[in-house]
Amino acid sequence: MTGEPVVLVHATKQLLSDASAARLITALVDAQTARGEAHVVLTGGTMGSAILASVAASAARDAVDWANLHVWWGDERFLPAGDADRNETQNREALLDAVPLDPAKVHAMPGPDGPDGDDVAAAAQRYAAELAAAAGDGAPSPTFDVLLLGVGPEAHVASLFPGHPDQLTSGVAAAPVHDSPKPPPTRITLTFEALARADRTWFIVAGADKAHAVKVSVAGAAPAQSSAAQVKGRQETLWLLDAEAASELS
């Protein structure tokens, strides 16, 4: 399968979550069978944690070799560790704290309580260096086996907002975001260049408020209209939707 988008619609949000969880478990097991380890990029938002909760509830979850899974994030609110609004905190509550991950392979984005303090640019640079170190071959990041992305009503992904000056940052794998249109204003995000380093990219979207963003993104809108439309997987690009999010597609 190529990286050209494929749309799969599920009747309800719960079916979307459960089916995506089963798909994720299978992809991680396949990657680990091939190479012994896997790299996944997690996302925040309601669906990002719902999928992980479905993984936690799955009878197949222990098919994954959790100790040999690298966990990354597509973006993070620049808040202290443990803050309830951090994607990491929400993802830990949904799944990560319930499985035997190797802490050294859980790559959380730094917050203001990290080694760089309030310097979000330095914190983003630190994360970019961690990505490069994990690649180990001179690449800016490892190849991600699965990249999970939510999509905002304005068609943003990670913390790359259409029309925002930080959207098109290049030459680095991770970048600071200032004055985000969605609070909190300060964030760290993977760049388009880093997001492009995934074999499988899955957009997980639910709700009627996302229907227009889905429509323009699947149609391939320009960066000023959709950040989501700019991201494709090297092998596979899936739009995994509930019926409401798919309601404006023909």
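Colleague: Which element gives the largest share of the lining of the largest pocket?

Modeller: General idea before the case. Rolling a probe the size of a water molecule over the atoms shows where empty space is left. In this predicted model, α2 gives the largest share of that lining, with 4 residues. Two elements, α2 (45-57) and β4 (75-77), each supply at least two lining residues.

Colleague: What volume does the largest pocket have? And which residues are the closest to its centre?

Modeller: The volume is about 370 Å³. The lining counts 23 residues, and G44, G45, G150, K182 and K210 are the closest to the centre.

Colleague: How many lining residues fall in each class?

Modeller: The lining of the largest pocket has 9 polar residues, 7 charged and 7 nonpolar.

Colleague: Now helix α4. How do I read its buried residues?

Modeller: An α-helix has 3.6 residues a turn, so residues three or four places apart point the same way. In α4 the buried residues are V120, A122, A123, A124, Y127, A128, L131 and A135. Buried here means under 20% relative accessible area.

Colleague: Which strands do the buried residues of α4 pack against?

Modeller: They pack against β3 (69-73), β5 (144-149), β6 (174-177) and β7 (187-190).

Colleague: What is the span of α4 from its first C-alpha to its last?

Modeller: Compare the span with the expected value. Helix α4 covers residues 120-135, 16 residues in total. The helix reaches 23 Å, close to the 22 Å expected at 1.5 Å a residue.

Colleague: What sits at the start of α4, and what comes just after the helix?

Modeller: At the start, a side-chain oxygen of D119 comes to within 3.3 Å of the backbone nitrogen of A121. Just after α4, G136 adopts a positive phi of about 70°.

Terms used:
Residues numbered from 1 in each chain as written. Predicted model: local features only at pLDDT ≥ 70, side-chain atom pairs only at ≥ 80, totals over all residues. Heavy atoms only, no water. 1 Å grid on protein atoms, 1.4 Å probe; cavity = no way out; pocket = protein on both sides within 12 Å on 5 of 7 lines; lining within 4 Å. Points joined across faces, edges and corners; volume = space filled by probe spheres on them. Nonpolar A, V, L, I, M, F, W, Y, C, P; charged D, E, K, R; others polar. Expected span 1.5 Å × (residues − 1). Buried < 20%, exposed > 50% of the residue type's maximum accessible area, 1.4 Å probe, protein only. Contact = heavy atoms within 4.5 Å. Polar contact = N/O pair within 3.5 Å; in protein donor to acceptor, adjacent residues only side chain to side chain.
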